[in-house]
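Welcome! Here is a friendly briefing to read alongside the sequence and the 3D view. Keep both open as you go through the points.

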Amino acid sequence: MSIINVDYSTRIPNNVGLSDDRRVLRALEGWHPGYLDWWRNMGPTGFQESLVYLRTAYSVDPRGWAKFDYVRMPEYRWGILLAPAEEDRKVPFGEHFGEPAWQDVPGEYRAMLRRLVVIQGDTEPASVEQQRHLGQTAPSLYDMRNLFQVNVEEGRHLWAMVYILHKYFGRDGRDEAEELLQRRSGSADKPRMLGAFNEATPDWLSFFMFTYFTDRDGKMQLHSLAQSGFDPLARTCRFMLTEEAHHMFVGETGISRVVQRTCEAMTAAGVDDANDVAAVRALGVIDLPTIQKKLNLHYSLSLDLFGSEVSTNAANAFNAGVKGRYRETQIEDDHQLRSATYPVLKLAGGEITSVEEPALTALNMRLRDDYTNDCVKGILRWNKVIDQAGFSFRLTLPHVAFHRQIGEFRDVEATPEGVLIDQATWRREKDRWLPTRQDGEFVASLMQPQYEAGRFALWIAPPKVGIDNKPGDFEYVQLAS
Ligand SMILES: [Fe+2]
Ligand SMILES: [Fe+2]
């Protein structure tokens, strides 16, 4: 039986029958105070007493699952929500293709599954930590509310992974759940597990880039895990994807609104050359070349999250039926990749060339390609805004060899166009491609909070529609006095 509605009678809202599962309920109740401590210490700075207009899931029915209301963040009802079980679900790929999906962890894949759950789990609190100061400079109450919505839901995603750990991984699961509260983004001795999650998110442009590019990596990873033969993981990831869509919406529309405002200001002031950085900055808006640099940075950091292009770990996880491909069930092939190949960009003889590799070991490359194709859509929309304003400037995704720390291109330097260059050239030119300290200082100088309902900082346009269809002057956050 699938449970659609969420049980709010236990301290931990859930649709997994926690009230009949005393062991796990007790384990989670034991973890809860540590989580709340973490939230208070590492969650949003300030605003913990403010009333925020947030959505909370009451159901996992895709036709209607969230309800909006004013909530103080520490009182948010974080819970355990799994998408409805699919009857007779089968393992959709790998060596166990066609066998019934597992309701428990197969012993032989225990270590692999635990590692995947922990890595996914670690990213969730990491992003909350990265974004914790942003409320102080919110360009509007609307944006502040969106930030906090993203934050509480990342908190819930941590709960989702912690539930899996407690329920299916016994004592090591409990230890891992504890560790998830101990690591800290950017910390020297206990950093978060993945590079992009230890970078700073110093300003709102970074936040929008992060939610567009880095949350989208999360989307791809969750899609792959949503295919897993381990059914509870598949179901939890499926519901997480429902929430994740909003995070990427925040990023896409955020950047779009920044671009729009910049174009409006240039038009009003008669600035024709989008590359005249000084003239544009004098208008108090973010010049398009700086937006491009931030985009270059966040896209390249996010590409690193896909790991090495050719990877036996990825092949093993696929063979095991543990981690599939993006939209696995919609792909028409044998779902086992016995003889298929896939083109991989590699360095050969000092050049970037496409080489056919066994599709099984090229799964990271494939997922990264799917990611890039997904990223392009936003670029097209932002460019449409620029085009409609009558400017010829175009935002572009940099080449995958640009600014990489992981994989095939980690030891070389390349231009955003993908031309390989030597170290000296890189050092000389890189300030044209990546944000400099001065760029950061300029953006930071614009980050003045705007807390009046219905008003927006001058560097960003208002949204086209409100959240939950609220009018433009709606008070999305009631600041505690
Ligand atoms: Fe998340
Ligand atoms: Fe997210």
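Let us begin with Glu452, which sits in the loop between H12 and S7. Please keep in mind that this is a predicted model. Glu452 has 11 other C-beta atoms within 10 Å, so this residue is exposed. Along the sequence Glu452 and Leu141 are 311 residues apart, yet in space their C-alpha atoms are 7.1 Å apart.

**The chain as a whole**

- The protein chain contains 12 helices and 7 strands.
- A compact globule of 481 residues would have a radius of gyration near 23 Å, and the protein chain agrees with that because its own value is 23 Å.
- Taken along the principal axes, the box filled by the C-alpha atoms is roughly 65 × 65 × 45 Å.
- Of the 481 residues in the protein chain, 47% are buried.
- Take the contacts between residues at least 6 apart in sequence: 70% of them join residues at least 24 apart.

**How helices pack: a word first**

- To describe two packed helices, we give the angle between their axes and the distance between the axes.

**Helices H3 and H6**

- Helix H3 covers residues 141-168 and helix H6 covers residues 231-269; they pack with their axes 10 Å apart, at an angle of about 170°.
- Angles over 145 degrees count as roughly antiparallel, so H3 is roughly antiparallel to H6.
- The contact of H3 with H6 is made up of 8 nonpolar, 6 polar and 2 charged residues.
- On the H3 side, the residues that meet H6 include Asn146, Val150, His157 and Tyr168.
- On the H6 side, the residues that meet H3 include Pro232, Met240, His246 and Val250.

**Helices H2 and H4**

- Helix H2 (residues 110-130) packs with helix H4 (residues 170-180) at an angle of about 20°, and their axes are 10 Å apart.
- Angles under 35 degrees count as roughly parallel, so H2 is roughly parallel to H4.
- H2 and H4 make a right-handed crossing.
- From H2, the residues Arg114, Val118, Gly121, Asp122 and Pro125 meet Asp172, Glu176 and Leu180 from H4.

**Helices H5 and H10**

- The axes of helix H5 (residues 204-225) and helix H10 (residues 363-388) cross at roughly 135° and come within 10 Å of each other.
- How are H5 and H10 oriented relative to each other? They are oblique.
- The crossing in which H5 passes H10 is right-handed.
- Where H5 meets H10, the H5 residues include Tyr212, Phe213 and Met220, while those in H10 include Leu367, Tyr371 and Cys375.
- Charged residues are also part of this meeting, among them Arg216 and Asp217 in H5 and Asp370 and Asp374 in H10.
- Overall, the contact of H5 with H10 holds 6 nonpolar, 2 polar and 4 charged residues.

- Most residues other than glycine have a negative phi.
- Leu337 has a phi near 55°, which is a positive value in a residue other than glycine.
- You can find Leu337 in the loop between helix H9 (312-320) and strand S3 (341-348).
- Is Leu337 buried or exposed? Leu337 is buried, because 22 other C-beta atoms lie within 10 Å.
- Asn469 also has a positive phi, near 55°.
- Asn469 belongs to the loop between helix H12 (437-446) and strand S7 (477-478).
- With 8 other C-beta atoms within 10 Å, Asn469 is exposed.

- Ala279 lies in helix H7, which spans residues 277-281.
- Ala279 counts as partly exposed, because 16 C-beta neighbours lie inside 10 Å.
- From C-alpha to C-alpha, Ala279 and Val465 are 31 Å apart in space, and they are 186 residues apart in sequence.
- Ala188 is placed in the loop between H4 and H5.
- Because Ala188 has 7 other C-beta atoms within 10 Å, this residue is exposed.
- How far apart are the C-alpha atoms of Ala188 and Asn313? They are separated by 27 Å, and the two residues are 125 residues apart along the chain.

Definitions and conventions:
Residues numbered from 1 in each chain as written. Chains lettered and ligands numbered in written order. Predicted model: local features only at pLDDT ≥ 70, side-chain atom pairs only at ≥ 80, totals over all residues. Helix = DSSP H or I, 4+ residues; strand = E, 2+ residues; numbered from the N terminus. Rg over C-alpha atoms; globule rule 2.2 N^0.38 Å. Buried ≥ 20, exposed ≤ 12 C-beta atoms within 10 Å, placed from the backbone. Contact = placed C-beta atoms within 7 Å. Axes fitted to C-alpha atoms, helices over the stretch in contact; angles between N-to-C directions. Parallel < 35°, antiparallel > 145°, perpendicular 65-115°, else oblique. Left-handed = near helix turned anticlockwise from the far one by under 90°.
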